[in-house]
Amino acid sequence: MASKKLKVTYVKSAIGYNKKQRVILEALGLTKLNQSNILPDNECVRGSIFKVKHLVKVEEV
């Protein structure tokens, strides 16, 4: 059985938000607007996404 993946797309700028949120975006591999990254679906990644859910769009792949 293949592991699930999440496609995370950076859709809203982090300017004006807490600096920690910008660091979380970089940890998810997102540095530019409209950039996407496919990540494994695990608790660590889900927790990071939860912290910046207002800045990203998430799809299951």
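The legends below describe several views of one predicted protein model.

The model is predicted, so local features need pLDDT of at least 70 and side-chain atom pairs count only at pLDDT 80 or more, while totals for chains, interfaces and linings use all residues. Residues are numbered from 1 along each chain as its sequence is written, and side-chain values use heavy atoms, with hydrogens and water left out.

**View 1. The whole chain and the order of its elements.** The protein has two helices and three strands, which follow one another as β-α-β-α-β from the N terminus on; helices (H or I, at least four residues) and strands (E, at least two) are DSSP runs, numbered from the N terminus. Along the principal axes, the C-alpha trace spans about 40 × 20 × 15 Å. The radius of gyration, taken over C-alpha atoms, is 11 Å, which agrees with the value near 10 Å that a compact globule of 61 residues would have, the globule rule being 2.2 Å times the number of residues to the power 0.38.

**View 2. The largest nonpolar core.** This core, a set of buried Ala, Val, Leu, Ile, Met, Phe, Trp, Tyr and Cys residues joined through side-chain atoms within 4.5 Å, has 13 residues, of which Leu-25, Leu-28, Leu-30, Ile-49 and Val-56 touch the most other members. Strand E1 (5–10) and helix H2 (43–51) each supply at least two residues of the core, and E1 gives the most, with three residues. In the protein as a whole, buried residues (under 20% relative accessible area, with a 1.4 Å probe and protein chains only) make up 25% of the 61 residues.

**View 3. The surroundings of Ile-49.** When neighbours within four places in sequence are left aside, Ile-49 is in contact (heavy atoms within 4.5 Å) with Leu-6, Val-8, Leu-28, Val-56 and Val-58. Across the protein, 74% of the contacts with a separation of 6 or more are between residues 24 or more positions apart.

View 4. Not counting residues up to four places away in sequence, Val-61 touches Lys-5, Leu-6 and Lys-7. Leu-33, by contrast, lies 28 residues from Val-61 in sequence and 20 Å from Val-61 in space, C-alpha to C-alpha.

Definitions and conventions: Buried < 20%, exposed > 50% of the residue type's maximum accessible area, 1.4 Å probe, protein only.
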